[in-house]
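Please look over the sequence and the structure shown here before reading on. The report then takes up a few of its parts in turn.

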Amino acid sequence: MGAPSPTRVSLVCRSGARAGARYPLRDDVTRVGRGPDNDAIVDGPDAVTVSLNHCEIQREGDGFRVRDLGSTNGTWVDGERVTEAELALSAVLRLGQQGPEFGLVAQDAAAALLDRTIEIPAASGLRAATHDELLTDAVHRARHMRAHGVGGQTLTIMRDVLEQALRHSRRRHRAAGYLLLVLLLAVSGIGIWRVTVLKAEKRAIDAHIRELEVALAASREKSETDQLISRLSAYQDEAASLQKNLFYRLGPQQEDDFVTRELRALMAEFGAEAYAIPPEFLERVNHYLEQDRDTERPQFEHALGEGKSRIDTIRRILKDEHMPPDLAYIPIVESALTSGTASAAGASGPWQLTAATARAYDLRVDGKVDERQDLVKSTRASCRYLKDLILDFGAGSSVLLALAAYNSGAGKVKAAVTRTVTDPIQQRNFWYLYRTNALPIETKEFVPKVFAAILIGRNPKHFGF
């Protein structure tokens, strides 16, 4: 099937924090990467697998062709790594096997018409207004009315918005204005119907996901568990795609509770975003939040009060090492931020490093000096250790896997995973490992405990500190 006119085709991000972002394709070559010299710049948490100059998309008549520019993680088209390939409108383009996903979208004639500007004469006292501005104002007012318990006013609000413009228009523009009214009413009617349909679809998908989570919690057979997780992943992908629909986003949104909302934001920053966080994980995070506000409260009050300067020092070093600054709360979980603490296994210092790990990262540990007690030196060593773990476990949810490995060691995590998981892709998916209980119990508890500490550190007043 031939592609539409190239001048009306855009590259659209379909995943991650920049989902929905559009990059119009140039007449010749469009360069894509995280460097500032690209036409389509991918930055933020989505840029983990993206090279400075990752690939370029070249027009070929009415079609397109993508060429990899020697990227580290490769350019993938429809699940296959390519050096150069044809890029059809239906193709799925990924920057790295687990990286951000893009597609080509052609703007149809109706969309082009709606993008036109309505010119209102200067004598009327109003500047030129676009259809988008009229619609935005109408949607804002409709939402305000619904928020105050007044429903069924959408069409009235749409009419009022247009009448405000018509009162300031000259007679010769009224025919165009009435035509716009008809168009607005038609679009509004279709939009309201579409929003209603999409909301019903999402409710049905969410119900299926809850049922599968319950079934997973009770599952004991690996084959059954894998089937349930496969179905769960399919429903999550469907729901995530539905949420990106423009009509869905125009409708009222259901708010998550505070902890779930903050966890989602944190997961997105760590590159481990998931449509459905396992209920067990949420329960354990809430458990440790309660524990931190009760029996563990003194150590948190000390860390956020007298120990604030130490936390600030750790955050600064993490930032300098290009690591998430919120990992500064790991030492609160490990040692209550005290240097003299030592574990039964011989781990010591605020980061609870073993002697072997400390020496591997150039810390002096002998009968005279133990640099694990030095906050700055041990933090720099821990940053390097965490960075190596993240690189070792790959992209995607690697930060969460790195946290797991930091607790019990990369070798133990790999051994536990290898014994229970044969799929190499799933071996690098933290949520799969968590749901299938492939991780050691202590490690499975450590990760939500760290996230509880991070949530308190980010929102101390909300949690009573």
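## Basis of the model

This is a predicted model, in which local features need pLDDT of at least 70 and side-chain atom pairs count only at pLDDT 80 or more, whereas totals for chains, interfaces and linings use all residues. Residues are numbered from 1 along each chain as its sequence is written, and side-chain values use heavy atoms, with hydrogens and water left out.

## Nonpolar cores

A nonpolar core is a set of buried Ala, Val, Leu, Ile, Met, Phe, Trp, Tyr and Cys residues joined through side-chain atoms within 4.5 Å, where buried means under 20% relative accessible area with a 1.4 Å probe, protein chains only. The largest such core has 82 residues, and Leu263, Phe281, Val285, Ile330, Phe430 and Phe451 touch the most other members. Its largest share, 9 residues, comes from helix H17 (residues 441-458), helices being DSSP runs of H or I with at least four residues and strands runs of E with at least two, numbered from the N terminus.

## An open sheet

In the order S4-S3-S5-S6-S9, 5 strands form an open sheet with mixed pairing; two strands pair if DSSP finds at least two bridges between them. Strand S4 (40-41) and strand S9 (84-86) stand at the edges with a single partner strand each, so one side of each has no neighbour in the sheet. Strand S3 (residues 29-33) pairs with strand S5 (residues 55-60) in the antiparallel sense over 4 bridges, and Thr30 stands opposite Ile57 in S5.

## Helix H13

Among the buried residues of H13 are Leu375, Tyr385 and Phe393.

Terms used. Buried means under 20% relative accessible area, exposed over 50%, partly exposed in between (1.4 Å probe, protein chains only).
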